[in-house]
Amino acid sequence: MAVRKIKSLSARRAIASLGRNIKTARTKRRIPVKEFAERIGVSERTVIRLEKGDEGVSLGTLGMACLVLGELDLISGFLDPAADDTGLLIDQQKLPKRID
């Protein structure tokens, strides 16, 4: 199965930044790549790809990495409708001006 390349430069940069952040978090916790891979359930090569921001790495791998790093709540809270300021603003703009 071919992985589609992300066309947006800003999206690619954001994913690369996420990969660097994962690597920094793992390093700060002093978890070697081999141990991190074992705990996530992937190969060392996949960890390296994740940390380089390879867009073909699965969301499941990202989820497990966040779990191992103790940051799973960041994923579960991502774009939470109750905290989505843009979505809330759109909802507010759709409210009727008057109620008869």
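1. Read along the sequence, the chain of this predicted model follows the pattern α-α-α-α-α-α, that is, six helices and zero strands. Helices (H or I, at least four residues) and strands (E, at least two) are DSSP runs, numbered from the N terminus.

2. The chain is more spread out than a compact globule, because its radius of gyration, 18 Å, is well over the 13 Å that the globule rule gives for 100 residues. That radius is taken over C-alpha atoms, and the rule is 2.2 Å times the number of residues to the power 0.38. Along its principal axes the C-alpha trace spans about 65 × 30 × 25 Å.

3. Of the 100 residues, 23% count as buried, meaning under 20% relative accessible area with a 1.4 Å probe, protein chains only.

4. The largest nonpolar core has 14 residues, of which Ile22, Phe36, Ile40, Leu50 and Leu69 touch the most other members. Such a core is a set of buried Ala, Val, Leu, Ile, Met, Phe, Trp, Tyr and Cys residues joined through side-chain atoms within 4.5 Å. At least two residues of this core come from each of α1 (9-28), α2 (33-40), α3 (44-51) and α4 (59-68); α4 gives the largest share, four residues.

5. Leaving aside residues up to four places away in sequence, Ile40 touches Val47, Thr61, Met64, Ala65 and Val68, a contact being heavy atoms within 4.5 Å.

6. Residues are numbered from 1 along each chain as its sequence is written, and side-chain values use heavy atoms, with hydrogens and water left out. In this predicted model, local features need pLDDT of at least 70 and side-chain atom pairs count only at pLDDT 80 or more, while totals for chains, interfaces and linings use all residues.

Key
Buried means under 20% relative accessible area, exposed over 50%, partly exposed in between (1.4 Å probe, protein chains only).
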